[in-house]
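Trainee: Could you show me how to read a helix contact and a pocket? I would like the general idea and then the case at hand.

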Amino acid sequence: MSFYDHNFSDKKVLVRVDFNVPLDENFKITDDTRMKAALPTLNKIIADGGSAIIMSHLGRPKMGLEEKFSLKHLVSHLSELLNKEVKFCEDSIGEKAQKMASELKSGEILLLENLRFHKHETAGNLYFAEELSKLGDFYVNDAFGTAHRAHASTTMVANFFTGNKSFGNLLENEINSLEKVLSAPKKPFTAIIGGAKVSGKINVIENLMDKVTDIIIGGGMSYTFIKAQGGKIGSSLVEDNQISTAKEIIEKAEKFGVNLHIPSDTVIADAFSNEANTDECDIFHIPDGWMGLDIGQKSIEQFKEVVTNSSTILWNGPMGVFEMESFEKGTKAIAYSVVEATKNGCYSLIGGGDSVAAINKYELGDKVSYVSTGGGAMLEYLEGKELPGVIAIKQKEGFRLNEN
Ligand code: AMP
């Protein structure tokens with residue numbers, strides 16, 4: 001049953017969202033993307049005539065209540081976004097929270113204080129989860145960013161809502177888009193994997209091997225692949241303990257008939273700086289004292305050709321140090337060719353913190369099929385892991401993941 005199939009009329013809906021937004025030193029929200037992402041879910045609950053009890057974490061408080069991590073800083077902005085009064089309770093459990101939740105009328109909103117002010121939240125404590133469950137009669141999880149954690153509010157709380165639980169709109173969209181590329185992707189299916197390290201992406205590459213037609217490798221991790229093949233990489237980023245892994249990936253790709261595209265040339269610099277001297281060279285012959293910080297023009301052309309001919313694209317990780325103007329060309333070119341492929345009917349999913357940052361930098365977010373909001377959660381899903389927060393909603397009966 002989909003989120004939109006539920007009717008929340010007269011329901012008190014306990015909603016887990018991801019309002020983990022960045023705040024400046026005056027507690028002003030500097031990026032409200034995550035808050036906006038939860039609006040469809042909250043608006044549907046209100047429009048149905050339900051009331052919403054919103055719970056979230058913010059940052060990583062270590063010592064209980066810490067002013068800078070209080071969700072009270074979000075109340076006025078949330079109220080603006082929803083065009084509605086938002087009540088606030090300075091605790092997420094207890095008598096006061098229960099009283100405020102029980103007094104909510106149809107269409108009203110209550111935001112609870114940061115869940116992580118209780119250490120029981122991240123411990124996945126069942127008692128704490130039970131206390132949370134007393135606040136509502138229906139549970140909705142819309143926090144994809146924390147769906148890979150078996151925390152009290154993301155997972156354990158679902159134990160107390162057998163039959164009365166659902167994904168929210170955002171979480172449902174995230175899973176559907178991931179399933180679209182993982183379950184029955186239209187071929188050719190290209191995975192573009194970039195970013196800093198092989199070690200961070202190896203499980204994703206392994207899990208995709210029997211699903212994709214092409215894998216493009218870019219970013220810092222490509223130099224480990226070049227070294228594995230006997231290339232000279234100067235002072236480029238390398239993980240010497242992943243050289244055998246890189247070799248294994250090359251062999252596996254051959255075995256699975258996957259076209260593995262590794263850059264053939266690279267933009268090099270004599271320092272890790274936007275102002276460094278730069279040049280372009282064959283990626284197998286990087287001079288000593290120079291490092292590769294972006295893919296070169298030949299690689300851009302090769303990769304563009306693969307990307308624009310794809311029917312499904314999954315992009316995780318930049319092609320170079322795109323944060324610096326001198327080394328953004330490769331990432332930018334790939335971003336534009338993903339857009340072009342999408343225009344031609346390709347399904348494109350962009351995910352993982354830095355590729356999302358890149359696509360946003362070039363303001364192309366609305367020109368690709370789906371931009372995922374969850375970094376770690378998305379990676380784990382792509383690795384083939386079942387996310388606790390997803391199991392908790394799917395499973396009909398109660399369950400126990402970790403009790404403390
Ligand atoms: P990840 O979080 O693993 O996706 O890595 C993203 C980071 O990798 C970005 O901050 C990039 O600046 C960085 N990166 C990409 N290419 C390189 C490179 N050639 N050398 C060093 N860092 C890189």
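Trainee: At what angle do the axes of helix α8 and helix α14 cross?

Mentor: Axes are lines fitted to C-alpha atoms, for helices over the stretch in contact, with angles from 0 to 180 degrees between N-to-C directions. Helices (H or I, at least four residues) and strands (E, at least two) are DSSP runs, numbered from the N terminus. In this predicted model, local features need pLDDT of at least 70, side-chain atom pairs count only at pLDDT 80 or more, and totals for chains, interfaces and linings use all residues. Residues are numbered from 1 along each chain as its sequence is written, and side-chain values use heavy atoms, leaving out hydrogens and water. Here α8 (residues 198-208) and α14 (residues 375-382) have axes that come within 8 Å and cross at roughly 40°. Therefore α8 is oblique to α14 (under 35 degrees is roughly parallel, over 145 roughly antiparallel, 65 to 115 roughly perpendicular, the rest oblique).

Trainee: Which residues of α8 and α14 make the contact?

Mentor: Contact means heavy atoms within 4.5 Å. Gly200, Lys201, Val204 and Asn207 of α8 meet Leu379, Tyr381 and Leu382 of α14.

Trainee: How many residues line the largest pocket?

Mentor: On a 1 Å grid over the protein atoms alone, a pocket is an open set of points where a 1.4 Å probe fits, with protein on both sides within 12 Å along at least five of seven lines; lining residues have an atom within 4 Å of a point. The largest pocket is lined by 36 residues, with Asp18, Arg34, Thr373, Gly374 and Gly375 nearest its centre. The largest share of that lining, five residues, comes from α13.

Trainee: And which residues lie nearest the centre of the second largest pocket?

Mentor: Gly195, Ala196, Gly220, Pro318 and Asp354, out of 28 lining residues.
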